[in-house]
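Please read these notes with the model open beside you. Take the points in order.

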Amino acid sequence: MKLNPKTLLVIDGLGALLSVLSLGVILSKYESVFGMPRQTLYLLTIFPCLFAIYDFICIKIKIGNLKPSLRTIAFANLAYCCLSIFLIFHHYAQLTIWGLTYFIIEIIILIGLVVVELKTACK
């Protein structure tokens, strides 16, 4: 699957905003339901917030070739997945099935997005 780079940046930015809402508001409010410590959730929230800003700046300044920007955000998303996996292992004993499920689904979605972003950016 290959999409327009601008469309992918919009999807990435909207997804990042959804992650900010999920991590920074919902999961942090219901820490006991998900099990991830609130401070860790706030730390994780910083990254999708920065990713959304990056995505929307790239779109707004109307760079002619968005492929390098798409590669950058793809690798940033991959690094975020690695950080999430590390934190899942680090806090595994505290995580509930709901917290584990949330993070696994988020990682699967992000890896799928990274694959599409890299395929699009490398063509």
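1. Ground rules. This is a predicted model: local features need pLDDT of at least 70, side-chain atom pairs count only at pLDDT 80 or more, and totals for chains, interfaces and linings use all residues. Residues are numbered from 1 along each chain as its sequence is written, and side-chain values use heavy atoms, with hydrogens and water left out.

2. H1 against H3. Two packed helices are described by the angle between their axes and the distance between the axes. Helices are DSSP runs (H or I, at least four residues), numbered from the N terminus. Helix H1 spans residues 5–29 and helix H3 spans residues 38–60. Their axes come within 8 Å and cross at roughly 160°. Axes here are lines fitted to C-alpha atoms over the stretch in contact, and angles run from 0 to 180 degrees between N-to-C directions. H1 is therefore roughly antiparallel to H3 (the term covers angles over 145 degrees). The contact of H1 with H3 has 18 nonpolar, five polar and five charged residues. Nonpolar means Ala, Val, Leu, Ile, Met, Phe, Trp, Tyr, Cys and Pro; charged means Asp, Glu, Lys and Arg; the others, Gly among them, are polar.

3. H1 against H5. Here the axes come within 11 Å and cross at roughly 165°. So H1 is roughly antiparallel to H5 as well. Contact means heavy atoms within 4.5 Å. From H1, the residues involved include Pro 5, Leu 8, Ile 11 and Asp 12. From H5, they include Tyr 102, Phe 103 and Glu 106. By class, the contact of H1 with H5 has nine nonpolar, three polar and three charged residues.

4. Is His 91 buried or exposed? His 91 is buried, at 10% relative accessible area (buried is under 20%, exposed over 50%, partly exposed in between, with a 1.4 Å probe and protein chains only). His 91 sits in the loop between helix H4 (67–90) and helix H5 (97–121). Leaving aside neighbours within four places in sequence, His 91 is in contact with Met 36, Pro 37 and Thr 40.

5. The salt bridge. Side chains of opposite charge can pair when their charged atoms come close. The rule asks for a side-chain nitrogen of Lys or Arg within 4 Å of a carboxyl oxygen of Asp or Glu. The count comes to one salt bridge. Arg 38 and Glu 31 form it, at 3.8 Å from N to O. Arg 38 is partly exposed at 34%. Glu 31 is partly exposed too, at 28%.

Conventions. Helix = DSSP H or I, 4+ residues; strand = E, 2+ residues; numbered from the N terminus. Parallel < 35°, antiparallel > 145°, perpendicular 65-115°, else oblique.
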